[in-house]
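Here is a set of questions and answers about how structural labels are assigned. Each answer sets a computed value against the definition of the label.

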Amino acid sequence: MRAAVYETFGGPVTVRNVPDPEPARDGVIVKVRASGLCRSDWHAWSGHDPDVRLPHVPGHEFAGIVCEAGADVSNWKTGDRVTMPPMGVCGVCASCARGNHHLCDDQFQPGFRRWGSHAEYVSVDRADFNLVHVPESLSFEVAAGLGCRFSTSFRAIGMRANVQPGDWVAVHGAGGIGLAAIMIADALGANAIAVDITEEKLALARSAGASATLNARSESDIAGAIRELTSGGAHVSVDALGSTLTCRNSINCLRKQGRHVQIGLMLEDDYHAAIPMGAVVRNELEIVGSYCMPPHLYPKLIRMIEQNRLQPERTIARRIPLDKVSQFLPRMSAFRDSGITIVDRFHEPDE
C-alpha cells in the first residue's frame, strides 16, 4: 500500500509503498477513504510523543470501509462504513466497564503507538469495541473530521463543561478543536468568543458561530477584554491550543464560579505550566480536563449533524492528496493554515 512515512523526528515525510496490514483475530482492516491532518500528528512527527517508534506512518482521524475482518469479529463485516475515536480501547478494563473507554488502561492508538491512517489501509484491533458506524448521510470527509477534533470538543463543551443556553464561552485558539468548540457552543445556545492571532482564523470562527472575536496580537489583555465584553467574565473558557499563555488567559477570563476546560495538550516546556491558583481559590473556579470521547457517545453527535444543528463540513478548509502530507504536516508548527485539512486521495495522481 501507499503510505506517508517518516524515519526521523522532524525529518522528511515521503510517500512510498509499504507492506499491507493484516487483521488481528479480533480486528479489521479499513480501506481509508478520508484521513484528517491534525496538530497531534505534528506533535508525533516532532518527537513529542514517547510512544512513537520509527519508521512511522502518522494519521489518527479516519473514515473508510471495512475490507477484511478477523475470525473473532462479531459486529462488523466487509463493506461497512466506519470511523473510530483517536484511540483504540480494550473494552474490558475498569475504565471501559464504567463507560469511560477514552480513559482505557490498555489503549492503542493508530498514528501514535502503531501505524496510522495517512495510508491506503489501516488496521483496527478489538474492532467490536472501537469502530463506529458511519451512516450514508455523512461523507467520509466529515466522518474523518469527527475523530479527534469534533468528538473531543463535543464531549468537552456539552458534557465536561455542561454549557447552558446563554452562557458566555471563551475559546482560546481557533484551530480545528477551537472551531468545533465554537460551533458546538453555538448549537447549544451559548455565546462563543473566539481568540486567535490571525484574522483569517477569526473570520472562520465567526462563520462557525462565534458571537465575538478577539485578536491576541493586537489585544494586550485578552482576559480583561473578555471580562469587559461579558460584563464580568466567561461562564466557561476553553484552552483549545495548549500553552502556558492560553491556559492562564483562559483561567483569568472567567467570572466567579466559572469553569476552565483544558483540551489542548500541554507538552514540552508547557507540561508543568504555572497557573493562577490564587484566582481559582478566591473565585471558586473549576479546572476540568477533557480527553477525547468514547465510541458509545458518537451516535448523539451524529444525530446533531443529521439534524443540521452541527455542520462540521464548514470547518474543512482543504482536501489534499496523500502526496501533499509531506508539505502540510511540517508547516503546522507555524499555525499558517486555517480550518481542517483532509486527505481524500490515496492513489497516484493519474489514477
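Q: Why is Ala44 called buried?
A: Buried means under 20% relative accessible area, exposed means over 50%, and partly exposed lies in between, with a 1.4 Å probe and protein chains only. Ala44 has a relative accessible area of 1%, and therefore counts as buried. The model is a predicted one, in which local features need pLDDT of at least 70, side-chain atom pairs count only at pLDDT 80 or more, and totals for chains, interfaces and linings use all residues. Residues are numbered from 1 along each chain as its sequence is written, and side-chain values use heavy atoms, with hydrogens and water left out.

Q: What makes up the surroundings of Ala44, leaving aside its neighbours within four places in sequence?
A: Ala44 lies in helix α1, residues 39-45, where helices (H or I, at least four residues) and strands (E, at least two) are DSSP runs numbered from the N terminus. Contact means heavy atoms within 4.5 Å, and on that basis Ala44 is in contact with Tyr6, Phe9, Asp49, Val52, Gly111 and Phe112.

Q: What makes Asp125 and Arg114 a salt bridge?
A: The term requires a side-chain nitrogen of Lys or Arg within 4 Å of a carboxyl oxygen of Asp or Glu. Between Asp125 and Arg114 the closest N and O atoms are 2.7 Å apart, and the pair is listed as a salt bridge. This pair links distant parts of the chain, with Asp125 in the loop between β6 (121-124) and α3 (127-130) and Arg114 in the loop between α2 (94-97) and β6, eleven residues apart.

Q: How many salt bridges does the structure hold?
A: The structure holds eleven salt bridges. Among them is the one between Glu7 and Arg16, whose closest N and O atoms are 3.0 Å apart; Arg16 is partly exposed, because its relative accessible area is 31%. Another joins the side chains of Arg345 and Asp344, at 2.9 Å from N to O. Arg345, with a relative accessible area of 42%, is partly exposed, and Asp344, at 22%, is partly exposed as well.

Q: How do you know that the charged end of Arg81 sits over the ring of Phe140?
A: A charge sits over a ring if NZ of Lys or CZ of Arg is within 6 Å of the ring centre and within 35 degrees of the ring normal. The charged end of Arg81 is 4.3 Å from the centre of the Phe140 ring, and the pair is listed as sitting in this way. Arg331 likewise lies over the face of Phe328, at 4.8 Å from the ring centre.

Q: What makes Ile275, Met277, Val281 and Ile287 a nonpolar patch?
A: Patches are made of residues with over 30% relative accessible area and no salt bridge, like charges being joined within 9 Å and nonpolar side chains (Val, Leu, Ile, Met, Phe, Trp, Tyr) within 5 Å. These four residues form such a patch on the surface, with about 350 Å² of accessible area together, the areas coming from the Shrake-Rupley method with a 1.4 Å probe and, for residues, only the protein chains shown as cover. Met277, in helix α9 (residues 277-282), has a relative accessible area of 44%, so this residue is partly exposed.

Q: Which residues of helix α7 are buried, and what covers them?
A: In α7 (residues 222-229) the buried residues are Ile222, Ala223, Gly224, Ala225 and Ile226. Their cover includes β8 (168-172), β9 (191-196), β10 (212-215), β11 (234-239) and α8 (244-252).

Q: What is stated about the phi of Asn308?
A: Asn308 has a positive phi of about 65° although this residue is not a glycine. Asn308 lies in the loop between α10 (298-306) and β14 (316-321), and at 48% relative accessibility it counts as partly exposed.
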